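Let's walk through this structure together, starting with one chain and ending where two chains meet. Please keep the view open as you read.

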Protein chains: 2
Amino acid sequence: MRLASFAAEGIERIGIALDEEAIVDLVDAWTRAGLPADRRPVDMTELALGGPALLADVERCARAAHACRDRAFPIDEIRFRPPMRRPSKILSVANNNSALAAVARKYVDEPAFFNKAPSSLIGHGEAIQIRSDYGLTHPEAELALVVGREAKFLTRENALDAVLGYTIINDVTSVGLKSEDTIVFANPGITPPPEGFEHGDMQLTYHARSKSTDTFGPCGPWLVTADEVPDPNALSVRVWLGGELVTEDSTANLMFDVPRVLEHATRYFTLLPGDLVHFGTAVRGGRYGLRDLDLLKREGPCEIEIEGLGRLSNPVERL
Amino acid sequence: MRLASFAAEGIERIGIALDEEAIVDLVDAWTRAGLPADRRPVDMTELALGGPALLADVERCARAAHACRDRAFPIDEIRFRPPMRRPSKILSVANNNSALAAVARKYVDEPAFFNKAPSSLIGHGEAIQIRSDYGLTHPEAELALVVGREAKFLTRENALDAVLGYTIINDVTSVGLKSEDTIVFANPGITPPPEGFEHGDMQLTYHARSKSTDTFGPCGPWLVTADEVPDPNALSVRVWLGGELVTEDSTANLMFDVPRVLEHATRYFTLLPGDLVHFGTAVRGGRYGLRDLDLLKREGPCEIEIEGLGRLSNPVERL
């Protein structure tokens, strides 16, 4: 099932895609399926909170939706919103790829996380807005998942059971702001200094501006339910900038795969229904490095396609 | 006005403090004030979303609340929740104090931010849980504010108008996890290397585990409305650990004050009603450095008092 948050005729909605061209409001499909109105989720967060029973209802709707084709919206007439409009958190894996791990002087034994602010999210088709003072700013094409139930202490074996579905996130990153938000201390005298860093200086970088500035989180177009993604660890990823294919890669090149990330994350963080987890950029392939994809200098749109999840496309607007 | 989120008799509530000993459920005060039930906020987020008109209603309730004393809950019989149970984001200022700025080899020109995950929040009286694998973990006593309206591009002059109120946050930080979540790259060949870092190595630290692990965000006890805090930049801050006064300081020692932080933040981030912003630790005073306050080794409770905002106390539980 492909689900979306969207606006049409001035009303905020969630709906079910019939095909590449039409989407049915869940309200219409729900009525057609004869389900009780008081159980109907009003947004994707309520859908995530409803668990497997509610998801089964939505699946009934999806089967009934084709009978509502006369009330469907043409996809090119809707405004996509991020599938999860207001997740309670976004948990983000940093530097999760085997190419970077290979060149690091000190890497991590388990995935390292940051938190991206939900206010950075925009939908498919909305503009990534870049100001010149952001400096070099590039896209990062990433697999994201939507959490389907409250989860702590998942294991690699059961982790995928907690996944409601998958989507695409463009983890837009400003190298310029990251550099500005770095503080350097001379060796603070804490022994031992980190491995690979024997001179002992401490460089602390804070990532909110570089990762969470408004519009730095394009997400969508769809939430594709987990049953349609049998193996999230083997999906091709492609990026186009201004129509040129600039990256070809695969989630198989991630250093830490989806179950391992979820196992490690939930030793520390309680995941809540509707939360997003995204997995870092697969960057091995392609003619360009990330730094060649400066959205301040190159023309958009920025398009990301992940196998089975659709194509997330966003124009780039320089302010 | 001092407002709180709390549970009593098994029901989740918000309420108004009468004094140090009693709190009235907003439902009771609202009824007593004769206000229409359909406008009553069910939680603090709805209160923040309601803007000045709703806040004026709640002020009417506060005046009526004393007539409800017979229905008030004794404070020692309630369970405090974090005042904002589920902010859409928490924006956190890093290393914001003049003592650290003075010793940095390279500091920042404007406040640097990270995002703390809302799932780390706990209420006054709830336990900070520490596992031995977290390594050195210390409290950070910080002023926090609650955003009262959607805000972008605030100026230093109008920034405080966007504040609904203030509270205390304990920005618990694990130095051990921070060190683990650091990746070091040899000089990546990007010129010029950051000032003060001429050897050119790049050390990237990701802060989610060290700052956002479950229970790392004690917050409360109260949301104190902004009218009761004429100058947030001159509040004394004191910390006790196991009953010993370990830090005495003031928000006057913050490098970047509240209006300046809000001005800079809202050049990049849209603040939404109910969001938390916290300001970094004032660490100048006291006999101990933060690293002497290891919650793995010292007995709790950890208590933070900020002038006019009450005292946030949390036991420390080692798992």
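Predicted model: local features only at pLDDT ≥ 70, side-chain atom pairs only at ≥ 80, totals over all residues.

Residues are numbered from 1 along each chain as its sequence is written, while chains are lettered from A and ligands numbered from 1 in the order in which they are written.

Chain A holds seven helices and 23 strands; these are DSSP runs numbered from the N terminus, with helices (H or I) of at least four residues and strands (E) of at least two. Its radius of gyration is 20 Å, close to the 20 Å that the globule rule gives for 319 residues, so chain A is as compact as a globular protein of that length. Here the radius is taken over C-alpha atoms, and the rule is 2.2 Å times the number of residues to the power 0.38. Along the principal axes, the C-alpha atoms of chain A fill a box of roughly 70 × 45 × 30 Å.

Now bring in the second chain. A rotation of 180 degrees, with 0.0 Å of shift along its axis, superposes chain A on chain B with an RMSD of 0.0 Å, by least squares on the C-alpha atoms of residues with pLDDT of at least 70 in both. That is the relation of a two-fold axis.

How many residues of chain A are in contact with chain B? The count is 47 residues of chain A against 47 residues of chain B, where contact means that C-beta atoms, placed from the backbone, lie within 7 Å. Strand E8 (112-116) and helix H5 (175-180) are among the elements of chain A that each supply at least two residues to this side, and E8(A) gives the most, with five residues. Moreover, 100% of the interface residues of chain A are also interface residues in chain B, so the copies meet through the same surface.

Three strands form an open antiparallel sheet in the order E16(A)-E15(A)-E7(B), pairing being counted if DSSP finds at least two bridges between two strands. E16 of chain A and E7 of chain B stand at the edges, each with a single partner strand, so one side of each is left without a neighbour in the sheet. Across the chain boundary, E15(A) and E7(B) pair over two bridges: Val184(A) has Lys106(B) as its bridge partner, and Phe185(A) stands opposite Ala104(B).

Technical notes
Contact = placed C-beta atoms within 7 Å.
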